[in-house]
Amino acid sequence: MAGKKFYAVAHGRKTGIFTTWAAAKQQVDGMAGARYKSFPTRDAAQQWLNAGGQYTASGHKSAAASTRQRPTTSQSVTEKIVMYSDGGSRNTGNVAGGHVRQGDKAAWAYLIKKDGMQYYDSLGEFGATNNKMEITGLLRALQALQQSGLNREPILAVLDSKYVLDAITKRWLAGWKRRGWARSNGAPLANKELWQAMSDQLTAFPHLRFEWTKGHADNSGNVFVDELLNQTMDAMSEENPIGKRSEVNPLATVADQTVAVDDSGNAASDDSEQMNLF
């Protein structure tokens, strides 16, 4: 999930508030003891700086430390491969029930940690919903893992999207497939083609475990992918509509499998019709 971010640097080459991760990263990258944190508003960033820019015990760590931090999970991590994915949309029409507009930026990102190495990728799309990017982020990570021959390894997937996690772990996905890719009330399923691809992809992963983490909090892997997709959206333009950048390190190059998806709504409801996804 993503929106406009403000990056406060308390200790770096330059201190202050930066409106892009690229600018903030220049001040902290490779600097011992760097202290920085992202915030949803400028006021919150300024308050943190005014208070001394200190981390809480569970807060964000320096760039060097964050690459070593274990994910926040409900049980000990035994998997040697830990994967994070995320998606976001800067939805300017998301007021009073409005929909995503054609010019709104959206992006997905993933991070895969294996044997002390980090692999990460991200691309964007104009006019896509948050949900579409959440699904795509996980799907691209799984495709990269399978292409690298790692799909039969024990893998932990950490996401902040209950929309994606509940569809898989609560077996809504199986129900949609059983009903011919329709919801329980017969309504069309949003992002149907992506869910069909996800259903096929999951069969190749016999040892895949999912966990939820709170977004925009203190999980370093989740913070990483959120910042990565925001960098991609910052890079999107008419000349570079997918926000392609050289500052990525993908596990594998996955052929573009973008499909036409009905993004007419902001979110697909679950079969209980009780959950307000966003």
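A salt bridge here is a side-chain nitrogen of Lys or Arg within 4 Å of a carboxyl oxygen of Asp or Glu. By this rule the count in this predicted model comes to 8 salt bridges.

One of them joins Asp226 to Lys5, with the closest N and O atoms 2.4 Å apart. Asp226 belongs to helix H8 (residues 220-235), whereas Lys5 sits in the segment before strand S1 (6-11), so the pair ties together parts that are 221 residues apart in sequence. Both Asp226 and Lys5 are buried.

A second pair is Lys132 and Glu125, whose side chains meet at 2.9 Å, N to O. The two partners fall into separate accessibility classes. Lys132 has a relative accessible area of 5% and is therefore buried, since buried means under 20%. Glu125 has a relative accessible area of 24% and so counts as partly exposed. Salt bridges also link Glu79, Arg209 and Glu211 into a network.

The side chains of Asp166 and Lys170 form a salt bridge at 3.7 Å, N to O. Asp166 counts as buried because its relative accessibility is 10%. Asp166 is one of the buried residues of H5, together with Tyr163, Val164, Leu165, Ala167 and Ile168. In H5 (residues 162-169), 6 of the 8 residues are buried, so the helix is largely enclosed by the rest of the structure.

The packing of H5 on H4 can be followed in more detail. The axes of H4 and H5 come within 9 Å and cross at roughly 60°. That angle makes H4 oblique to H5. On the H4 side, the contact is made by Asn131, Glu134, Ile135 and Leu138, and on the H5 side by Tyr163, Val164 and Ile168. Sorted by type, the residues of this contact are 5 nonpolar, 1 polar and 1 charged.

Ser85 is found in strand S4 (residues 81-89). Is Ser85 buried or exposed? Its relative accessible area is 1%, so Ser85 is buried.

Confidence in the model remains to be considered. The mean pLDDT of the protein is 80, and 78% of its residues reach 70 or more. Over residues 57-74 the pLDDT is below 50, and this stretch has 38 contacts in the model beyond near neighbours in sequence. Residues 257-278 also stay under 50 in pLDDT, and for them the model has 57 contacts beyond four places in sequence.

Technical notes:
Residues numbered from 1 in each chain as written. Heavy atoms only, no water. Helix = DSSP H or I, 4+ residues; strand = E, 2+ residues; numbered from the N terminus. Buried < 20%, exposed > 50% of the residue type's maximum accessible area, 1.4 Å probe, protein only. pLDDT = per-residue confidence, 0-100. Contact = heavy atoms within 4.5 Å. Axes fitted to C-alpha atoms, helices over the stretch in contact; angles between N-to-C directions. Parallel < 35°, antiparallel > 145°, perpendicular 65-115°, else oblique. Nonpolar A, V, L, I, M, F, W, Y, C, P; charged D, E, K, R; others polar.
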